Amino acid sequence: MLVALVTAAVVGLTSGVASPLQKGLDDVVAIGAVAEVRDGGAVWRGTSGVAELGSSRKVPVAGRFRIGSITKTFVATVVLQLVAEKRIRLEDSVERWLPGVVPNGANITVRQLLNHTSGLYDFKETLPMPPSAEFYALRYRTWTAPEQIERALANPPVFDKPGSQYDYSNTNYLLIGEIIEKVTGRTYAEEIERRLIRPLGLHGTSLPGTSPYIKGPHAHGYIPKDGGQLDFTEMNPTLFGASGDMISTTRDLNRFFAALLGGQLLPAPLLDAMKTPGTADGKYGLGLAWHDTSCKVRVYGNDGDALAYQAYSFSTEDTRRQVTVAVTPHLPDNPDKSVDAFVDQAICR
């Protein structure tokens, strides 16, 4: 149920605004960064740093990057479209769609998977991570969702009563990916492609499957190794699966969130459900997160960590102002605070 997008011509932000934005992006702690800021019909795109260590090549302004957990918002949107089509219900149990897979699955709902109140153990916690030698050796390994889920569920839940607490777990979205396939007969990747990427014209967005490459222009990403930085641009994204394997651009993410929050992808009641926290005073709904900026303006979106890339995409509720930033961080330095400051600057000016 897509409403056709009308693309208005955009004009650059005035130099008086653009200059502070460039300075703000330069202040982001990273090897390289790229951003797109939208204010009504005006758009500013900028980059900072370098595309590759040891070179002076600039980060491509239309470059692609791994978006990590922003993938979850795409996956959740597909599920909610299926709810709108009455092919699945948010209160359906996991057992209903994946019989015998999840202990206590009869008491865990699709809604609780989407809003991270299932209590299921995070498969990420079962994996080797840098600086473990095993982690580097598994760089090109292909993982399947069932084996990742099995690894996670070998551990007890982090709390006993589903729905009673919030605890972020990537396992939830691996299960959602499997449920999408049960409901539709197509993979979550195929459904995202046909329902979101193609209709919205997200030409820089892809689900890479087992391919370790980022096709098209992109900055290199790095992880720590032996006191230095290892180029980790190439890696098998099945490590993330439905919880975070997508590749996109700043333009495409702004376009997606404008369509989502603008009511073009979901009926209003389901968009409202997406903005409803799973627990009282929470800040995460059904695949959608939010926070209040320094000027008390609430922004909706998501952020994602894909090891060598970190991405952030947020929009005001009326979609007038949007900001998407992608960073190749200089780990172990964390760019979150400097990116938050840039988001505030973009939204609050």
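For a chain of 349 residues, a compact globule would have a radius of gyration near 20 Å, and the value found here, 19 Å, agrees with that (taken over C-alpha atoms, with a globule rule of 2.2 Å times the number of residues to the power 0.38). The model is a predicted one, in which local features need pLDDT of at least 70 and side-chain atom pairs count only at pLDDT 80 or more, while totals for chains, interfaces and linings use all residues. Residues are numbered from 1 along each chain as its sequence is written, and side-chain values use heavy atoms, with hydrogens and water left out. Along its principal axes, the C-alpha trace spans about 60 × 50 × 35 Å. The chain holds 11 helices and 11 strands (DSSP runs, H or I of at least four residues for helices and E of at least two for strands, numbered from the N terminus).

Turning to open space, the largest pocket has a volume of about 850 Å³. Among the 37 residues lining this pocket, Lys-124, Gly-304, Asp-305, Leu-307 and Gln-310 are the closest to its centre. Two or more lining residues come from each of strands E5 (222-225), E8 (289-292), E9 (298-305) and E10 (310-316), and from helix H11 (336-348). A pocket here is an open set of points on a 1 Å grid over the protein atoms alone, with protein on both sides within 12 Å along at least five of seven lines; a cavity is a set where a 1.4 Å probe fits but cannot get out, and lining residues have an atom within 4 Å of a point. Grid points are joined across faces, edges and corners, and a volume is the space filled by probe spheres set on the points. By class, the pocket lining has 20 nonpolar, 10 polar and seven charged residues (Ala, Val, Leu, Ile, Met, Phe, Trp, Tyr, Cys and Pro are nonpolar, Asp, Glu, Lys and Arg charged, and the others, Gly among them, polar).

The largest cavity has a volume of about 100 Å³. It is lined by 13 residues, with Phe-135, Leu-138, Arg-139, Trp-143 and Leu-239 closest to its centre; nine of the lining residues are nonpolar, one is polar and three are charged. The second largest cavity, at about 80 Å³, has 14 lining residues, and Val-34, Val-59, Phe-65, Ala-219 and Ala-326 lie nearest its centre. Strands E2 (32-39) and E11 (321-328) each give two or more residues to that lining, which divides into nine nonpolar, four polar and one charged.

Helix packing comes next. The axes of helix H2 (residues 71-84) and helix H8 (residues 188-200) come within 10 Å and cross at roughly 75°, which makes H2 roughly perpendicular to H8 (the class for 65 to 115 degrees). Axes are lines fitted to C-alpha atoms, for helices over the stretch in contact, with angles from 0 to 180 degrees between N-to-C directions. Phe-74, Val-75, Thr-77, Val-78, Gln-81 and Leu-82 of H2 meet Tyr-188, Glu-191, Ile-192, Arg-195 and Leu-196 of H8 (heavy atoms within 4.5 Å). Seven nonpolar, two polar and two charged residues make up this contact.

Some backbone details complete the picture. The peptide bond from Pro-130 to Pro-131 is cis, with omega near 10°, and Pro-131 sits in the loop between helices H4 (110-114) and H5 (133-137). The bond from Leu-331 to Pro-332 is also cis, with omega near 15°; Pro-332 belongs to the loop between E11 and H11. Lys-86, although not a glycine, has a positive phi of about 60° and lies in the loop between H2 and helix H3 (94-97).

Definitions and conventions:
Parallel < 35°, antiparallel > 145°, perpendicular 65-115°, else oblique.
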